[in-house]
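Colleague: I would like a close look at one part of this model, the surroundings of one ligand. Please take it slowly and keep to what can be computed.

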Amino acid sequence: MNVCVIGTGYVGLVTGVCLAHMGHDVICVDNNATKVALMQSGKSPIYEPGLDELMQSSMAAGRLRFTTDLKAGVEHGDVLFIAVGTPPLPTGESDTRYVEAVARGIGAHLTGDYKVIVNKSTVPIGSGNWVRQIVLDAIASQDTTHVDRDTLAQSFEVVSNPEFLREGSAVYDTFNPDRIVLGGSSQRAIATMQRLYAPLIRRQFSEKQSLPAIPVVVTDLASAEMIKYAANAFLATKISFINEVANICDRVGADVTQVAQGIGLDSRIGDKFLQAGIGWGGSCFPKDVAALIHTARDYGYEAPLLNAAVQTNQHQRLLALEKLQQMLKILKGKTIGLLGLTFKPNTDDLRDAPALDLIRELVRLGAKVKAYDPIVQPGSHAAQDERLAQVDLATTPMQLAQGCDALVLVTDWVQFQTLDYAAMAAVMRQRIVLDGRNALAPEAIVQAGFAYMGIGYSVDRPTVWGINVQPAKATVAALPAEQVA
Ligand SMILES: NC(=O)c1ccc[n+]([C@@H]2O[C@H](COP(=O)([O-])OP(=O)(O)OC[C@H]3O[C@@H](n4cnc5c(N)ncnc54)[C@H](O)[C@@H]3O)[C@@H](O)[C@H]2O)c1
Ligand SMILES: O=c1ccn([C@@H]2O[C@H](COP(=O)(O)OP(=O)(O)O[C@H]3O[C@H](CO)[C@@H](O)[C@H](O)[C@H]3O)[C@@H](O)[C@H]2O)c(=O)[nH]1
């Protein structure tokens, strides 16, 4: 089928590339000419494992093109995906101006051939009908000579098809979704979408044909839109829940990693998204939970559970600061080294990253902040972010450790598990590791000469400190087990 994807951020680009890999003929449109030129040269503007290779092979096969020309894209596509950003406004409400601009642009270029307009962006409940109206308004003001306006008005339908991919595993997630959600009232539009996704649903394009077909949820527009918000809100709440349990573990002397394992084995709970740490961030959870709370408020409902999930997260995101203060007391003049900056591993995305809150507060308290991130390297695009202006970016973990009073693991990049911590300890001023993701082996870190703190770890494990442990006791606790009498 002929497909047009408008907006080539994480979602648009990955959707376009994967649909091309499935055999469709895809044009991706973006209004950022620099980005389009980069993609035309076969390079992805985002860091996403596996994307470049797939992109280049589909381009070579002639099934994937990039342009700034919306008209060409609209004329080409039987299915037109809207995949532009919906960032948060200061009120928490979703900023839908980019979706609106694209819907207007589509309406201005419709040809009279049947097209399905797909809301792939995460949009407020009710946006499907709103997009339809914007397209109709644009048709009404279209300067058409070739097709009458009634024909144009009947030539399209709107479907909601929310996206559930995660950054860092976006390609894998697109080819292996847990479900596909299609919202709309037109049988023809839904059938078109099912035809589009048929190779994916039956996994016909890959070697994974023996796996069961991917479930397709067909529903109305509003329910499809709500499924997206409810999924993200549930996952964010689940993380806030385990973080709250971790904070209690810290106080009572239990180990949250063991607790997570213990509850996760209950199939009603499940073992995913139970990793306690310094809070959830990224381009989606914070903005989507805020948008759902805002929608609830618009309808006179306060959504107390969602508000509590956000509140717990706000506390969690500054927990590292609290723990550093417990250990180092005065942070003014101290040097803190951050291991990782991005909101999660395998992405260069800094949107709403917990590291940014931590940097802001450490700088405010007079600490010097250094950071090492495998992707956000000095000179990289991501490193230009003005919120990193006061951060001394290191090019190696050793360079990071030099002169630090403490290291904080902020992002659980897998390579941080196997750094030469003994060598790093040797060049530090004080030897403290605060593992903000519970990603390291505490015993190995202590053996390398560090005092180790996790999030929600038990004090009865001799090598680990909890938040309520006084420094004197903690010094003893950090010694190798045989020396703790
Ligand atoms: N990032 C994710 O992991 C993810 C996952 C699921 C859903 N979503 C949702 O998908 C949507 C897109 O998110 P993203 O992170 O890919 O966004 P993004 O901000 O990374 O990218 C948006 C792209 O749209 C382009 N654009 C803006 N206005 C345009 C216009 N008028 N015409 C053409 N192009 C235009 C921008 O240049 C940019 O390249 C959002 O609603 C988001 O909530 C994101
Ligand atoms: O057990 C966990 C799991 C995640 N996180 C944090 O939660 C945030 C989000 O992580 P993740 O969900 O893996 O990343 P995203 O790429 O933001 O993906 C989420 O947001 C996307 C955008 O809506 C959705 O499509 C995905 O389904 C949803 O998982 C990150 O800061 C993680 O560090 C934890 O703290 N503990």
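Which of the 21 residues around ligand 2 come nearest?

Modeller: This is a predicted model, in which local features need pLDDT of at least 70 and side-chain atom pairs count only at pLDDT 80 or more, while totals for chains, interfaces and linings use all residues. Residues are numbered from 1 along each chain as its sequence is written, and chains are lettered from A and ligands numbered from 1 in the order in which they are written.

The residues that come nearest to ligand 2 are Glu167, Gln275, Trp280, Gly282 and Cys284, out of 21 around it; a residue is near a molecule if its C-beta atom, placed from the backbone, lies within 6 Å of it. Helices here are DSSP runs (H or I, at least four residues), numbered from the N terminus. With three residues, α10 gives the most to the shell. By class, the shell has ten nonpolar, six polar and five charged residues. Ala, Val, Leu, Ile, Met, Phe, Trp, Tyr, Cys and Pro count as nonpolar, Asp, Glu, Lys and Arg as charged, and the others, Gly among them, as polar.

Ligand 2 lies between domain 1 (2-219) and domain 2 (228-314), because both give residues to the shell around it. The domain bounds come from an automatic or database domain assignment.

Key
Helix = DSSP H or I, 4+ residues; strand = E, 2+ residues; numbered from the N terminus.
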